[in-house]
Amino acid sequence: MKQFAPRSSSFARMLWAFLAFCLLSLNAQAQIDTLREYVLGPGDVLKVTVYQNADLTLETRVSESGSISYPLLNSVKVGGLSVTAAEKLIADGLRNGNFLKSPQVNVAVVQVRGHQASVLGLVNKPGRYPIEVAGLKLSDLVAMAGGVATGGSEIVTLVGTRDGKAFRQEVDLPSLFSGQAKSDDPVVLNGDVIYVDRVPTFYIYGEVLRGGQLRLERGMTVRQALAAGGGVTQRGTQKGMKLHRKDAAGEVKILDATLEMPVLPNDVIYVKESLF
């Protein structure tokens, strides 16, 4: 039995190496397909090559009007086109102008500058990110930014322009994957800004073991807030608790707090000392 072990081990290594090669090839092909779907825009840097015609090789930047200057064709409008469509447009121009019979054109995106969106706030890698494919979703861009950082809210805000009007949408990230989303996963467009705010908090003080500012969990009640604060001290009581809450006008209202009352962002809970 021992004499077969080396062969078996060698075969296993070869198999894993082959599988790893296949996965890398698939990922590389997926990246190529993604770039070919990319919609070109102003600021993008392109390298245009024509098979067996080195004199037609050109590296150029897409102008603000969405055009590039190309030999024999002068100005070519590529803004708003996919990479594949831009290749066809240039090839058709060379063919229809009787410059080449069967031109094979390749367009490579050297730098993506045309379509970008910003991810700001409490994410692991804030910054500007290229929109390399049409229909890029908000959740995809948050993932590109490394996901929500510690202390970040689960509610993400998308700000931009739609049909010439200001656009703002709040997206509940966890609900997107639970099947209970109140809104869909919106498509991110050029110039959009995604902002992740701090997680909402509340305050609790008085006769609790761990008073102060605490994280407000989804659907939290006063009973759960007490538990988050470590519970009531031996001198404290759950009777007569007060909840301080600002109304829409910014005025603070003092409410009698019950254990099942929902806690809202920035609420302040006061736990009294027992008289007996």
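Colleague: How should I read D267: buried or exposed?

Modeller: Start with the scale. Buried means under 20% relative accessible area, exposed means over 50%, and partly exposed lies in between (1.4 Å probe, protein chains only). D267 is buried, because its relative accessible area is 1%. This is a predicted model, where local features need pLDDT of at least 70, side-chain atom pairs count only at pLDDT 80 or more, and totals for chains, interfaces and linings use all residues. Residues are numbered from 1 along each chain as its sequence is written, and side-chain values use heavy atoms, with hydrogens and water left out.

Colleague: Where is the place of D267?

Modeller: Helices (H or I, at least four residues) and strands (E, at least two) are DSSP runs, numbered from the N terminus. D267 sits in the loop between β14 and β15.

Colleague: Which residues does D267 touch?

Modeller: Contact means heavy atoms within 4.5 Å. Leaving aside residues up to four places away in sequence, D267 touches F202, Y203, L243, H244, R245 and P262.

Colleague: With which side chain does the side chain of D267 make a polar contact?

Modeller: A polar contact is a pair of N or O atoms within 3.5 Å; within protein, one must be able to donate a hydrogen and the other to accept it, and residues adjacent in sequence count only if both atoms are side-chain atoms. For the D267 side chain, the partner is the side chain of R245, at 2.7 Å.

Colleague: What is the order of the five-stranded open sheet that holds β14 and β15?

Modeller: Two strands pair if DSSP finds at least two bridges between them. Here the order is β12-β11-β15-β13-β14, with mixed pairing. β12 (212-215) and β14 (252-256) are the edge strands, each with a single partner, so one side of each has no neighbour in the sheet. Neighbouring strands of this sheet are turned by 25 degrees against each other on average, direction ignored. Axes are lines fitted to C-alpha atoms, for helices over the stretch in contact, and angles run from 0 to 180 degrees between N-to-C directions. Inside the sheet, β13 (residues 242-246) and β15 (residues 268-271) run antiparallel, joined by three bridges. L243 stands opposite I269 in β15.

Colleague: Which strands make the open sheet that has β7 in it?

Modeller: The order is β7-β6-β10-β8-β9, again an open sheet of five strands with mixed pairing. β7 (127-130) and β9 (165-172) stand at its edges with a single partner strand each, so one side of each is left without a neighbour in the sheet. On average, its neighbouring strands are turned by 20 degrees against each other, direction ignored. β6 (residues 116-121) runs antiparallel to β7 over four bridges, and Q116 faces P130 in β7.

Colleague: How many bridges join β1 to β5?

Modeller: Six, and the two strands run antiparallel. V50 stands opposite V105 in β5. β1 (residues 45-50) also pairs with β2 (residues 58-61), in the antiparallel sense over four bridges.

Colleague: What volume does the largest pocket have?

Modeller: Rolling a probe the size of a water molecule over the atoms shows where empty space is left. On a 1 Å grid over the protein atoms alone, a cavity is a set of points where a 1.4 Å probe fits but cannot get out; a pocket is an open set with protein on both sides within 12 Å along at least five of seven lines, and lining residues have an atom within 4 Å of a point. Grid points are joined across faces, edges and corners, and a volume is the space filled by probe spheres set on the points. The largest pocket comes to about 230 Å³. It is lined by 13 residues, of which E154, P200, L216, E217 and R218 are the closest to its centre. Strand β8 (residues 152-162) gives the most to this lining, with three residues.
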